[in-house]
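User: I would like to go through this model with you. Could we begin with how its helices pack?

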Amino acid sequence: MKLHIKNGRLIDPASSVDAQMDLFVAAGRIVGVGQAPAGFEPNRTIDASGLAVLPGLVDLAARLREPGFEYRATLETEMRAALAGGVTSLVLPPDTDPPLDEPGLVEMLKHRARQLNHAHLYPLGAMTIGLKGEVITEMAELTEAGCVAFSQADTPVTDTTVLLRAMQYAHTFGYALWLRPQDPWLSRGGVAASGAYASRLGLPGVPVQAETIALHTLLELQRSVGVRLHLCRISSAPALEMVRAAKREGLPVTCDVSANHVHLTDVDIGFYDSNFRLEPPLRGQRDRDAIRAALVDGTIDAICSDHTPVDDDGKMLPFGDAEPGATGLELLLSLTLKWADEAGVPLVQALHRVTAGPAGVLAASAPAMPASGRLGPGSPADVCLVDLDARWQVGRETLRSQSHHTPFAGMELPGRVRCTVVGGRVVWEQAA
Amino acid sequence: MHNPQLNRHGELTHLLSTEGLPRDIITHILDTAQTFVPLAERDLKKVPLLRGKSVFNLFFENSTRTRTTFEIAAQRLSADVFNLNINVSSTAKGESLLDTIANLSAMQADLFVVRHEASGAPYLIARHVAPHVHVINAGDGRHAHPTQALLDMYTIRHFKKDFSNLTVAIVGDILHSRVARSDIHALTTLGVPEVRAVGPLTLLPGGLEQMGVRVFTDMKAGLKDADVVIMLRLQNERMRGALLPSAHEYFKQYGLTREKLALAKPDAIVMHPGPMNRGVEIDSAVADGSQAVILDQVTFGIAVRMAVMSIVASAG
């Protein structure tokens, strides 16, 4: 399929390009930027006038709920949601049911995804069997089945010896660990960030030390082993300071943040709105400011959606009993645009955190996987066409995800995807 | 942010928390309660204000005393009262909170009095009941116990008259106390200039200063020249493990004895939401002494709950 995308505003953060340029696709790859290759005859021409032409988004955390949680969402519904959000590459956390600790499960997942023929899926393998934090998994077998790295999702490892051994084992083969710093004791029972607001609401709190102490442990162990570490869902200012220092020191460390945390703080919980029940919990103003500053200076490599579909039964409960999580695939781009607009960050810079940035994290973890995130000649043709000026209201009618639970429900957000291309095929189109 | 306790006309339609409760509404509740107090002395203790209305006491957490006072209050208002002990009913069978409410609403409930162990549960309920149905929070987790705070305010007003020159000390497990939180909001709203929280660091929540409270870990300093001392109950569970070493040590450091009470003003009153753990947070000599007004709190509690129910039921 030869594709010519013309008259669009091409924004490619990887090459710092933001200009009116045409794009030429053939055999699933980008074959020309600005200039058509000699003798190029398109099968289809798309007029992208008034639209931005972006690399398909790379989302480092999206729960698609299969296997095991099909009543909340399915691969089918959530992958369509991804395309509607312009997300063409997704990394899946291993906390499915059963967890992704066996090659057979990973193979089945990839097979199901291939049948649907939508976005690229990159499963994370469980670091320990059953995510129990006791016995490490067959990391080599899992990598052969298609896992890009290893993770504990939201179940922290209590035994530091296991953590150390997992790092050593992973590093033996050059595998990366994607871990969320979370002290199991300090975070136990907490449903909101410790602070004045949690105290007012009478909610058990998670002190910030739950993140900083765990992060310190991870970095200390990593320093002695040398394993590549990607830190997931950092939520506090002190933790970001530690990441900044670790990067300065030259440790092989990257980190991401949830799109929700780029915008929201604990007081947004209001009168116990369970749509704001998230893991990690929303922190304070200073933490949000620190997240925004860290996004600009590159301490944070990627914004992810942290897509976690929760059904009505899971949310129609008192705040502390509600299931944490929010739908996010369709909001990742809009929330990035909203941040860029509010903070005055140029689009080519802001969009780096959802394209080249996360693609880089993925490439460092799994060099064999051809993640895109860029619009250079030879790159896989994963593209999305976006009306940057369109505004849409977040709600049941506009979301394709099976879950409509998000803290942004009812809000108007900028940016609407009009067309998504994966591997050179147009897989999603929506007229204005 | 829209205050879910008030309707479009600014009338109190639910009582969920003393936080964000306007001062004039608190005063209105206290004044109304005052008209109900003499009823207790009469032979005919009933008034017809809630005749024909159905009041459902939904207690997801055990409580005989609070439920009983609400029952008495509702009956004195001539309402039909139904008690539901939820732990032995449908919830044990897995029925969700909202399904329970929906089922009861279908039985024409006008007013729900709710006690639940999850902070915020009454807000969820209030969001899902029909417009003419009212919700009164009888205690949600560690968040709020507004009727207790209101009867505490009534008690203080009865004995001290003027809020504007008082020092009030709240002593004990503030961290887990919905009574403490509700008292703090009511006291600051009513203009009490000095509200103190006294306890060990393990039992003090963060952010108290932002609520307008002065924090003390030394009880002697915290009681000095206080006009009102509110002692909180220390639950047995807290006395094991990482929060506190023992009841014995707690009593020595934070229990109210005659010696410690002597540091407060000579006419200071001693309050307690009940039930008391004698010898743990309060000495019997003080609990039974002349400065304790604990039984008055119970009496006033009925009148205050009658006031709250009649006020919300009359909201348009």
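**Helix contacts and overall form**

Analyst: This is a predicted model. In chain B, the residues B:I26, B:I29, B:L30 and B:A33 of helix 1 meet B:L150, B:M153, B:Y154 and B:R157 of helix 5.

User: What classes of residue make up that contact of helix 1 with helix 5 in chain B?

Analyst: The contact of helix 1 of chain B with helix 5 of chain B has seven nonpolar residues, no polar ones and one charged residue.

User: And at what angle do the axes of helix 1 and helix 5 of chain B cross?

Analyst: The axis of helix 1 (residues 23-36) of chain B and that of helix 5 (residues 146-160) of chain B cross at roughly 70° and come within 10 Å. An angle from 65 to 115 degrees counts as roughly perpendicular, and helix 1 and helix 5 of chain B are therefore roughly perpendicular to each other. Their crossing is right-handed.

User: Now helix 2 and helix 11 of chain B: how do their axes cross?

Analyst: The axes of helix 2 (residues 64-76) and helix 11 (residues 294-313) of chain B come within 8 Å and cross at roughly 60°. These two helices of chain B are therefore oblique to each other. Helix 2 of chain B passes helix 11 of chain B in a right-handed crossing.

User: Which residues make that contact?

Analyst: Helix 2 of chain B contributes B:T69, B:F70, B:I72, B:A73, B:A74 and B:R76, and helix 11 of chain B contributes B:G301, B:I302, B:R305, B:M306 and B:M309. By class, the residues of this contact are seven nonpolar, two polar and two charged.

User: Changing topic, how many helices and strands does chain B have?

Analyst: Chain B has eleven helices and nine strands. Its radius of gyration is 19 Å, close to the 20 Å that the globule rule gives for 316 residues, so chain B is as compact as a globular protein of that length.

User: How much of chain B is buried?

Analyst: Buried residues make up 48% of the 316 residues in chain B.

User: Last topic: how many residues of chain B are in contact with chain A?

Analyst: In chain B, 24 residues are in contact with 18 residues of chain A. Helix 3 (97-105), helix 4 (121-128) and helix 6 (178-189) of chain B are the elements that give two or more residues to this side of chain B.

User: Which of them gives the most?

Analyst: Helix 4 of chain B gives the most, with three residues. The residues on the side of chain B that touches chain A divide into eleven nonpolar, nine polar and four charged.

Methods. Residues numbered from 1 in each chain as written. Chains lettered and ligands numbered in written order. Predicted model: local features only at pLDDT ≥ 70, side-chain atom pairs only at ≥ 80, totals over all residues. Helix = DSSP H or I, 4+ residues; strand = E, 2+ residues; numbered from the N terminus. Rg over C-alpha atoms; globule rule 2.2 N^0.38 Å. Buried ≥ 20, exposed ≤ 12 C-beta atoms within 10 Å, placed from the backbone. Axes fitted to C-alpha atoms, helices over the stretch in contact; angles between N-to-C directions. Parallel < 35°, antiparallel > 145°, perpendicular 65-115°, else oblique. Left-handed = near helix turned anticlockwise from the far one by under 90°. Contact = placed C-beta atoms within 7 Å. Nonpolar A, V, L, I, M, F, W, Y, C, P; charged D, E, K, R; others polar.
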